[in-house]
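This briefing covers one protein chain, topic by topic. Please keep the structure open while reading.

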Amino acid sequence: MPDVVILTARFGYGHLSAANNIRQAFQEEFPDLSVEVVDPFQEVNPGYYERVQKLYRFASTRVPAAWYMFFLLTDRTRLGASWILSNRKAAAFFGGFEDRFRPRLLITTYPELTSVLDRFQSAPAARACPVVSVVTDSITISRAWTRGYSDLMCVADPLSARSLESMGVPAGRIRVTGFPTPPRFTELRPQPTVREGRRLLTILYLPNFDAGHLRRILELLGPRPDVRIVLALGKREDLIRECQAMAPRLACELEVNGWIPDVCYRMFEADLVVTKAGGATVHEAIAAGCPVVITNVTPGQEEGNARLVEQMELGLAMWRRRDFPKVLNFLSGFDLETADRLRRNVERVRHVDASRQIARLAAGLIR
């Protein structure tokens with residue numbers, strides 16, 4: 001039986017990424033403790049879970065208004081926990097969790113799970129193991145995180161800590177650790193791109209939903225020989241071929257990729273990351289010391305990431321499609337001086353060792 005169980009879910013990249021990074025930190029910091037990452041939904045009904053994941057991706061990207069209504073509903077009611085427990089297999093999993101795993105420590109990186117477990121567990125003082133919630137939201141935090149008891153709640157930034165306090169979580173149970181990025185981040189340093197003794201301005205462009213935006217950005221930056229653009233276009237084969245054909249005609253240096261394995265490590269060579277407002281990606285960029293331009297915000301859970309970028313002056317956030325000229329205006333004036341100024345702002349808020357810090361805090365509860 002594992003000493004530490006990390007409960008997570010695969011709705012978006014951030015929850016599972018956080019869980020895996022914390023597990024790796026435990027393995028490096030406390031090799032005597034066994035750690036297991038568990039996705040209850042994958043265990044209970046993998047086929048149905050896959051269909052729900054596809055529905056989540058479709059709703060959050062294609063019909064964001066409908067997704068936002070669902071987000072508000074789960075935020076203001078206990079619908080999420082009730083929906084989970086309405087499934088007989090899920091209820092059996094959570095009801096038998098303590099007997100099956102008998103962990104010395106429980107960590108969650110997904111909301112609702114502490115609330116669901118509370119239905120089957122004794123009062124906090126009599127519990128078999130302490131519980132740590134690693135909150136993967138920023139600023140606009142779902143109340144689902146607070147409906148179950150946690151001995152400790154780890155958040156990415158001071159603004160998120162204030163949000164939890166405003167929801168009634170005692171300050172003594174909140175720690176600002178940063179978002180749990182790969183432990184290897186502590187060993188890395190920025191790697192500027194230099195060509196023939198001249199530093200290039202490197203922009204990492206991650207998968208987005210609007211090919212038209214990318215074309216306009218390439219049209220704007222393509223004539224600049226001082227710019228290097230690294231594209232990660234995922235499965236967009238048509239767009240990959242189009243950009244590859246365009247590259248020889250541009251004055252800028254253009255690197256065209258589909259998926260880039262472990263793309264977060266490429267952020268250390270970038271002066272700017274252009275991406276959607278996904279929690280893990282935004283916080284990976286911040287931890288890498290890199291400014292951010294956000295070109296797509298899913299209403300609800302991603303709004304806080306965009307607010308963080310704006311309020312901490314870490315780059316630019318585009319909230320609506322009609323605001324895209326603001327992005328073009330920002331990029332037209334973006335140079336090494338601007339990049340270095342924003343990087344200094346990022347440096348003030350980055351937490352490069354969050355996963356290790358969370359592992360140490362959590363282990364301290366059982367040692």
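In this predicted model, a salt bridge joins the side chains of Arg195 and Glu253, with N and O 2.9 Å apart. The pair connects distant parts of the chain, since Arg195 sits in strand β7 (residues 193-195) and Glu253 in strand β10 (residues 253-257), 58 residues apart. Both residues also belong to a network of salt bridges.

**Salt bridges**

- Arg195 has a relative accessible area of 37%, which lies between the 20% and 50% cut-offs, so Arg195 is partly exposed.
- Arg228 is buried, because its relative accessible area of 8% falls under the 20% cut-off.
- Glu255, in contrast, is partly exposed at a relative accessible area of 22%.
- The network of salt bridges links Arg195, Arg228, Glu253, Glu255, Arg266 and Glu269.
- Arg224 makes a salt bridge with Asp226, and their closest N and O atoms are 3.0 Å apart.
- Within that pair, Arg224 is buried with a relative accessible area of 17%, while Asp226 is partly exposed at 28%.
- The count for the model comes to 24 salt bridges.
- As a general point, side chains of opposite charge can pair when their charged atoms come close.

**Charge across the chain**

- The chain carries 48 positive and 41 negative charges.
- The mean positions of these two sets of charges are 4 Å apart.

**Ser160 and helix α9**

- Ser160 is part of helix α9, which covers residues 158-166.
- Is Ser160 buried or exposed? Its relative accessibility is 0%, so Ser160 counts as buried.
- Beyond its neighbours within four places in sequence, Ser160 has contacts with Asp137, Ser138, Ile139, Ile141 and Val155.

**Helix α13**

- Helix α13 spans residues 303-311, and its buried residues are Glu303, Gly304, Asn305, Ala306, Leu308 and Val309.
- Which elements do the buried residues of α13 pack against? They pack against helices α4 (64-76), α9 and α12 (279-287), and against strands β12 (292-296) and β13 (315-317).
- Helix α9, one of these packing partners, is the helix that holds Ser160.
- Just after α13, Glu313 has a positive phi of about 55°.

**Overall fold**

- The chain contains 16 helices and 13 strands.
- Its radius of gyration is 21 Å, close to the 21 Å given by the globule rule for 367 residues, so the chain is as compact as a globular protein of that length.
- Along the principal axes, the C-alpha atoms fill a box of roughly 65 × 40 × 35 Å.
- Of the 367 residues, 57% count as buried.
- Among contacts with a separation of 6 or more, 68% are between residues 24 or more positions apart.
- The accessible surface of the chain is about 16200 Å², and carbon and sulfur atoms account for 51% of this surface.

How values were computed. Residues are numbered from 1 along each chain as its sequence is written. This is a predicted model: local features need pLDDT of at least 70, side-chain atom pairs count only at pLDDT 80 or more; totals for chains, interfaces and linings use all residues. Side-chain values use heavy atoms; hydrogens and water are left out. Helices (H or I, at least four residues) and strands (E, at least two) are DSSP runs, numbered from the N terminus. The radius of gyration is taken over C-alpha atoms; the globule rule is 2.2 Å times the number of residues to the power 0.38. Buried means under 20% relative accessible area, exposed over 50%, partly exposed in between (1.4 Å probe, protein chains only). Contact means heavy atoms within 4.5 Å. Accessible areas come from the Shrake-Rupley method with a 1.4 Å probe; for residues, only the protein chains shown count as cover. Lys and Arg count as positive and Asp and Glu as negative; His and the chain ends are not counted. The place of a charge is taken as NZ of Lys, CZ of Arg, CG of Asp or CD of Glu. A salt bridge is a side-chain nitrogen of Lys or Arg within 4 Å of a carboxyl oxygen of Asp or Glu.
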